[in-house]
Amino acid sequence: MPSAHFLPWCSPTQTPLQGAWTPLSASGQQRLNLCKRRSCARDDAAPQASSRGHDQLLEFVPRNCKLPSAAPIDGESEACSYLGNSSLRFMGDSVSVQHFQSLTECWIGPGFFDNGSRSMSSEESIFQGKNWTLSLIQAGFSRSTAHSAIAFLSNESHVSRAPWQRGVTLHCGARIDMRRVNELPSSEATMDAVLHALLYLGPDGPLSPKDFALVNFGLHSEWRGVHAVRLETWWAKEHARRRAPHLLWRQASPQHWPSQKWGMYSAELAKRSTQCSALDEAAVKKQRHSWSLLQPRTLPSEWGSLLPVYDATVQRFDEHPPLKTPHTQTGSTNASRGLLHPAAEAPSGEDCTHYCEPSSVFRLWTQVTLAFIRSLTNHG
């Protein structure tokens, strides 16, 4: 394999990613040890002693291209070298929230952004129901559609729940923030209004074509294929109007539930003690097919790119957190699905949908995201 120095940077034209997981360098491990965010226990003195349930301190090394550092010395400056003054907005469910937190709290730099100490008044919150309703009406949506969109976003599992999602500003002017959305509404008109609100409304101004939206949702929804088609249609229309940011659709990574149902989430499995399992070939193919139904069928390079992380993370069944973690202790309306549980009701075992923070999986997601942004902005 040629030296990484001579390989091209990974970009939307170098997919799928092919390579291998290798141990993170000693210096990289030391930098990660400074990261205070932990959703998995880990023996720092012997990080490879256990075979599961923590950050395995690995990095994925592609054979056909190169990625940014998995544990940079100065993550803020490195992120700036790729983003320039562009914004990056995460849009998705709790797994996307985990990725956002992992990027801002660990990869950019330990202690750079501490969600636990970030508080906002209601006036600062990204979500302003009355103001957003008026803005949607002024944007041409009917009054009933605007009210439906705000009612949808007011759900506690959606954008209104966490004011810290307003995010961070880097020294170069780039912004990284988060909009929590588990799914999209079933009504086409309401979905259009919701997407408009998520991308164009809020205290930090609208995203523009120079910015990026890192998107993944649909795992909670029964409207998977419909969502994908409608999302593609909406984004193409907004691109034609020269308004939409570049869409980065992140593939889902595997769920490693030890089930005969192809390893996917099972409510019964989530209710009892279990350990996440490696997937056999049939399960890998089944999940890959199912996840592909969630993403737009075509992503023209002018306005969209697919982040191919599924195959590279198939092996990482050993980085799922225990079901009783800080991430799951607050409870959720999704508790009946088994993805999140109140602490008093959480079973023992592992959560085979979410991943540890920090983890090799989230580092790879970050590396691929920034490499693709680099190729699209000509920065770095």
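Asp 311 is partly exposed in this predicted model, with a relative accessibility of 39%. Its salt-bridge partner is Arg 288, and the closest N and O atoms of the two are 2.9 Å apart. This pair links distant parts of the chain, since Arg 288 belongs to helix α9 (residues 281-292) and Asp 311 to the loop between β8 and α10, 23 residues apart. Arg 288 is likewise partly exposed, at 35% relative accessible area.

A second salt bridge joins Asp 55 and Arg 363, with 2.8 Å between the closest N and O atoms. Asp 55 sits in the loop between α1 (26-33) and β2 (58-62), whereas Arg 363 is part of helix α10 (residues 360-377), so the pair ties together parts that are 308 residues apart in sequence. Asp 55 is buried, with a relative accessible area of 2%. Arg 363 also counts as buried, at 3% relative accessibility, because the cut-off for that class is under 20%.

Asp 318 and Arg 316 form a further salt bridge, and both residues are buried.

| Salt bridge | Closest N and O atoms |
|---|---|
| Asp 55 and Arg 363 | 2.8 Å |
| Arg 288 and Asp 311 | 2.9 Å |
| Asp 318 and Arg 316 | 2.9 Å |

An open sheet is formed by 6 strands in the order β4-β5-β3-β6-β7-β8, with mixed pairing. Its edge strands, β4 (168-169) and β8 (304-307), each pair on one side only. Within the sheet, β6 (residues 212-216) and β7 (residues 246-250) pair in the parallel sense over 4 bridges. Phe 212 has His 246 in β7 as its bridge partner. Helix α6 (residues 188-200) lies across β3 (87-92), β5 (175-180) and β6, and runs at about 145° to β3.

Helix α5 (residues 143-153) has Thr 145, Ala 146, Ala 149, Ile 150, Phe 152 and Leu 153 as its buried residues. Viewed down the axis of α5, these buried residues fall within an arc of 160°, so they line one face of the helix. An α-helix has 3.6 residues a turn, so residues three or four places apart point the same way. On the other side of α5, the exposed residues are Arg 143, Ser 144 and Ala 151.

Note on methods
Residues numbered from 1 in each chain as written. Predicted model: local features only at pLDDT ≥ 70, side-chain atom pairs only at ≥ 80, totals over all residues. Heavy atoms only, no water. Buried < 20%, exposed > 50% of the residue type's maximum accessible area, 1.4 Å probe, protein only. Helix = DSSP H or I, 4+ residues; strand = E, 2+ residues; numbered from the N terminus. Arc of directions from axis to C-beta. Pairing = 2+ DSSP bridges. Contact = heavy atoms within 4.5 Å. Axes fitted to C-alpha atoms, helices over the stretch in contact; angles between N-to-C directions. Salt bridge = Lys/Arg side-chain N within 4 Å of Asp/Glu carboxyl O.
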